[in-house]
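Hi everyone, thanks for making time this morning. Let's walk through a structure together, and please have it open on your screens.

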Amino acid sequence: MAELHLSGVQKIYPNGYHAIHGIDLGVADGEFIVLVGPSGCGKSTLLRMVAGLETVSDGTIDIGGRVVNNLEPADRDIAMVFQNYALYPHMKVYDNMAYGLRNRGMAKDEIDRRVREAAGILEIEPMLDRRPNQLSGGQRQRVAMGRAIVREPSVFLFDEPLSNLDAKLRVQMRVEIKRLQRRLGITSLYVTHDQVEAMTMADRLVVMNGGRAEQIGTPIELYDRPETTFVATFIGSPSMNLLEGTVAEGGTSVALDSGASINLPDPRADLAGRSVTLGVRPEHLTPAADGSGMTLRLDLVEALGADTLLHGHLDGDERRLVTVRLSGHFAPGQDSVQVAATDAVHLFDRETGGRI
Amino acid sequence: MIKRVTFRNPWLPYALLLPQLAVTLIFFIWPAVQALYQSLLVEDAFGLSTEFVWFENFEELFADPLYLDTFWNTVVFSFSVAFASMSLALLLAVMADRTIKGATAYKTLLIWPYAVAPAVAGVLWFFMFNPVVGINAYLLRGLGYDWNHYLDGGDAMILVVIAASWKQISYNFLFFLAGLQAIPRSLIEAAAIDGAGPFKRFWTIIFPLLSPTTFFLLVVNVVYAFFDTFGIIHATTEGGPAGATQILVYKVFSDGFIGLDLGGSAAQSVVLMVIVISLTVVQFRYIERRVEY
């Protein structure tokens with residue numbers, strides 16, 4: 001168990017590609033941190049740098065008060081779960097889990113105790129004598145977890161461990177991993193591109209984009225107060241609607257380019273006349289009485305049972321797609337609907353995308 | 001689930017198979033049957049008198065100490081060739097797998113020896129080891145070893161093993177490299193995190209995962225050394241000195257075409273046939289089944 005500190009970590013490949021532009025992150029003991037972002041954002045690279053599978057170009061990585069930049073992966077006191085599980089196909093499950101302990105010269109009976117204990121926790125005792133190819137995807141996933149926990153490492157690293165599972169199993173393993181991590185209290189770094197996985201599992205999230213950490217915070221902080229338009233659209237499903245507009249005189253409302261106007265809950269006199277991007281989540285748009293809201297021309301209605309998603313565009317702005325999430329059912333046969341924004345609106349600078 | 005192809009004309013599939021069947025029958029089955037028949041005959045060198053003797057040729061063969069020596073030579077030669085060419089090829093493949101710069105050029109160069117004809121490969125090494133003008137013999141003399149494969153049976157055996165192995169390294173290299181590249185990187189990384197150093201990773205992860213390739217190549221190399229090295233031996237030592245490099249295929253040739261003992265030679269080819277059939281059975285039964293993990 002240990003704290004993990006990254007300071008000014010950068011990765012520049014020999015061909016000059018700048019994959020990571022200086023990440024600072026402090027992870028408390030026992031905390032579950034999720035690195036999330038689109039593919040190519042550098043999240044896996046960052047994880048592999050912590051693991052010691054990639055060199056660190058600049059900055060320091062500190063595990064439990066020890067700078068590990070130049071240590072071999074084996075000497076960093078970490079364990080990693082790979083996307084394809086990376087189980088040794090020629091070894092039985094027992095040997096897969098014992099391999100790392102044997103390499104460290106641990107006593108036989110201690111190895112046996114740890115492997116059986118981990119197998120008990122993960123409920124894979126009946127499979128200890130099987131080979132990985134005789135196991136299902138979920139069982140392999142558990143063996144990979146078992147191989148990590150027998151080591152009793154300071155830090156767990158997960159590289160998209162659930163992406164090879166089917167949807168149902170993924171939800172189940174998500175809960176199991178989170179529960180196991182709580183129980184063992186081991187500091188964890190978890191990489192995923194799935195924002196639902198990120199939101200549900202993380203104590204804190206790091207949203208990455210283009211090799212930078214866009215925002216670090218708890219899932220609720222990121223949902224309620226996204227610092228950039230990237231975070232705003234990445235977190236939450238369906239994505240937040242972004243509408244261009246100009247703050248009106250006095251800062252009490254935003255006049256959208258489409259012609260409609262949205263009132264601001266807190267007047268922002270300081271922003272009067274400024275071009276902004278207004279963000280409002282689909283669930284924060286509600287039906288309004290005729291004439292009091294904006295007209296949404298419907299393209300598609302998706303009924304999800306509990307909710308209904310309305311896709312369309314505002315009158316006067318053909319290009320910008322807008323999504324509205326209504327709870328309950330929606331009477332079919334309408335081609336437009338009046339909507340109004342609730343108080344939960346976000347303002348971003350139109351140039352930089354930063355929150356204002 | 002086997003896909004069945006249906007032909008509109010029922011004779012078409014047979015017509016398509018015919019050339020292949022004809023080649024097999026004329027060039028493989030018929031000579032094999034001839035050999036089987038001839039192995040039961042004793043014939044004089046000019047074919048003037050022929051006598052059917054049942055298995056007398058085989059009895060003589062296995063009572064002949066020279067033939068048994070040849071058997072032993074073949075075993076030593078084959079396994080030396082297989083071991084030398086496979087271990088060197090594996091070493092080269094492991095190194096090629098790591099190289100990033102110039103990998104393609106490196107791989108292409110390593111594959112070239114495969115295109116060299118056996119006899120040419122033999123002569124190449126024969127010259128380099130020639131006791132009078134060969135550079136390698138000269139270097140060995142510098143080291144205090146008096147190399148002479150004309151007189152020393154051991155030297156002659158080493159020479160043909162080197163020549164035969166050199167030619168086979170390319171083939172083995174290709175298979176080993178493909179095998180290495182099929183091992184997922186994450187397995188090696190997982191082993192590194194599990195505290196295994198490069199040497200241990202090789203012996204506990206990489207080598208076991210290559211075992212299907214290794215087993216396949218072992219059979220292929222033994223078959224190669226048994227049958228395809230005739231040219232190398234014929235161009236260099238001609239089985240000598242004093243039969244030290246006489247292997248089974250070479251003895252078939254020298255007894256049959258030089259000694260003109262057609263029945264004895266045919267009996268030897270039948271023995272070789274039995275060996276190659278059993279090797280093929282081993283290959284199909286074990287390799288085809290055990291490749292998948």
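**A strand, a helix and a strand**

Let me start with a right-handed β-α-β unit, made by β7(A), helix α5 (residues 167–184) of chain A and β8(A). Before we go on, please keep in mind that this is a predicted model.

Now, look at the two strands of that unit. Strand β7 (residues 155–159) of chain A runs parallel to β8(A), and five bridges join them. If you want a pair to click on, L157(A) has L189(A) as its bridge partner in β8(A).

β8(A) also pairs with strand β3 (residues 32–36) of chain A, again in the parallel sense and over five bridges.

Let's step off the end of β7. In the loop between β7 and α5 of chain A sits E160(A). This residue is not a glycine, yet its phi is positive, at about 45°. Is E160(A) buried or exposed? With a relative accessible area of 10%, E160(A) is buried, since the cut-off for buried is under 20%.

Another residue to look up is A86(A), in the loop between β6 (78–81) and α2 (93–103) of chain A. A86(A) is also not a glycine, and its phi is positive, near 50°. Its relative accessibility is 3%, so A86(A) counts as buried.

While we are in the loops, visit P238(A), between α8 (229–234) and β11 (241–247) of chain A. The peptide bond from S237(A) to P238(A) is cis, with omega near -5°.

Last stop: an open sheet of five strands in chain A, paired antiparallel in the order β15-β19-β16-β17-β18. Which strands stand at the edges? They are β15 (285–287) and β18 (321–327) of chain A, and each has a single partner strand, so one side of each is left without a neighbour in the sheet. On average, neighbouring strands of this sheet are turned by 50° against each other, direction ignored.

Within that sheet, strand β16 (residues 294–303) and strand β17 (residues 307–314) of chain A pair in the antiparallel sense over seven bridges. One pair to find there is L298(A) with its bridge partner in β17(A), G312(A).

Thanks, and I'm happy to take questions!

Key. Residues are numbered from 1 along each chain as its sequence is written. Chains are lettered from A and ligands numbered from 1 in the order in which they are written. This is a predicted model: local features need pLDDT of at least 70, side-chain atom pairs count only at pLDDT 80 or more; totals for chains, interfaces and linings use all residues. Side-chain values use heavy atoms; hydrogens and water are left out. Two strands pair if DSSP finds at least two bridges between them. Helices (H or I, at least four residues) and strands (E, at least two) are DSSP runs, numbered from the N terminus. Axes are lines fitted to C-alpha atoms, for helices over the stretch in contact, and angles run from 0 to 180 degrees between N-to-C directions. A crossover is right-handed if, with the strands pointing away from the viewer, the path from the first strand over the helix to the second runs clockwise. Buried means under 20% relative accessible area, exposed over 50%, partly exposed in between (1.4 Å probe, protein chains only).
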